Amino acid sequence: MIDHVVSVSGGKDSTATYCLAVERGRPFRAVAADTGNEHPATYEAVNRLAERTGGPIVEWVKADFSDRIAGKRRYVDTVWRAQGVPVDIVERALGVLTPTGNPYLDLCLWKGRFPSRKGQFCTQELKVDPIDDQVTRPLLARSHRVISWQGVRAAESFERSLLPPFQRLAAHDDLPGRLYVYRPLLRVTSVADVFAIARRHGVPPNPLYTHGLKRVGCFPCINCSKAELALVDSVFPEQIDRLEEWERLVSDACKRGFSTFFNIVNDPVMEGRWLELERAGRPEEFSLAEFGVREMVEWAKTDRGGRQYPLFTREPSLACNQWGACE
Ligand code: SF4
């Protein structure tokens, strides 16, 4: 038996891919990974796809980090204490190490840090693995052949331009089924053409695009642009409030006492101050007020440039390239 599975994120490319699957006129399943870091408009865009197109209802999958947080609690309570970690740091960590039910936040509480460009574990843990564990692997275990439709375009990046339109993956050779990837949008070059595919099914663009956002995956993504961060703050300030709260919680779960949503090295001035504290051996002077998301937003509103990576890169990571999971 062959199962066609379309991954949906609420963005333009995966929406067009879903519409192309509808046009094919054969049954398929559509799945979306709920990261807990999406804008409400994205949930609505995904949830209304079926009624707008006549296609299947999108199934949501979600990562659960309850066990891993429970394991970390035990580790903190035993190993950290045995290592002589100060009691206040241990107690603070134990105070926040309880699952919240929000996958993104729970992942960061478990890890004791936010993902970064170099440690971009979010895509795998929040999107690729839940779809794999909850949808793909069970089908392969029943000897099905699974064709996973991915909404990636060659024009988006050099890495994506190297991907074939159809490919067999060997990643699940421990199971009797077979997994293939199909990329029907690969040769669609312009964004206008992508939106046109959705439009012929009566699907409007995710409203976040009308505010000028280029990508509508996580809101915001750790890789969002400087301009997008300023935009998020001006139009959706409550999202920055949420990230500030997340930084407080994740910092409490971190042995060194702090973790920021965005990478400090994005801002050369912040990075300079950070290095100064590190070299002087005064990490206790680090504060979220000085390095946290609120300060990053203030920088995003300035012309202060410096290096334009990694927060401000346009190039999706390898995992995103392969799966189109973080459009
Ligand atoms: S959209 Fe960005 S923050 Fe979200 S999972 Fe992908 S890389 Fe991570």
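**Rings and a helix face**

Visitor: Which ring does arginine 68 lie over?

Guide: Quick note: this is a predicted model, where local features need pLDDT of at least 70, side-chain atom pairs count only at pLDDT 80 or more, and totals for chains, interfaces and linings use all residues. Residues are numbered from 1 along each chain as its sequence is written, and side-chain values use heavy atoms, with hydrogens and water left out. A charge sits over a ring if NZ of Lys or CZ of Arg is within 6 Å of the ring centre and within 35 degrees of the ring normal. At 4.7 Å from the ring centre, arginine 68 lies over the face of tryptophan 110.

Visitor: And which ring has the charged end of lysine 111 over it?

Guide: Here the charged end sits 4.8 Å from the ring's centre. The ring belongs to phenylalanine 121.

Visitor: How do phenylalanine 166 and tyrosine 180 pair, stacked or edge-to-face?

Guide: Rings of Phe, Tyr and Trp (its six-membered ring) pair if their centres lie within 6.5 Å; planes under 30 degrees apart count as stacked, over 60 as edge-to-face and the rest as tilted. These two are 5.5 Å centre to centre with 20° between the planes, and the pair is stacked.

Visitor: Why do the buried residues of H12 line one face of the helix?

Guide: Helices are DSSP runs (H or I, at least four residues), numbered from the N terminus, and buried means under 20% relative accessible area (1.4 Å probe, protein chains only). The buried residues of H12 include Ile240, Leu243 and Trp246. Taking directions from the helix axis to the C-beta atoms, the buried residues line one face because they fall within an arc of 165°.

Notes. Buried means under 20% relative accessible area, exposed over 50%, partly exposed in between (1.4 Å probe, protein chains only). Helices (H or I, at least four residues) and strands (E, at least two) are DSSP runs, numbered from the N terminus.
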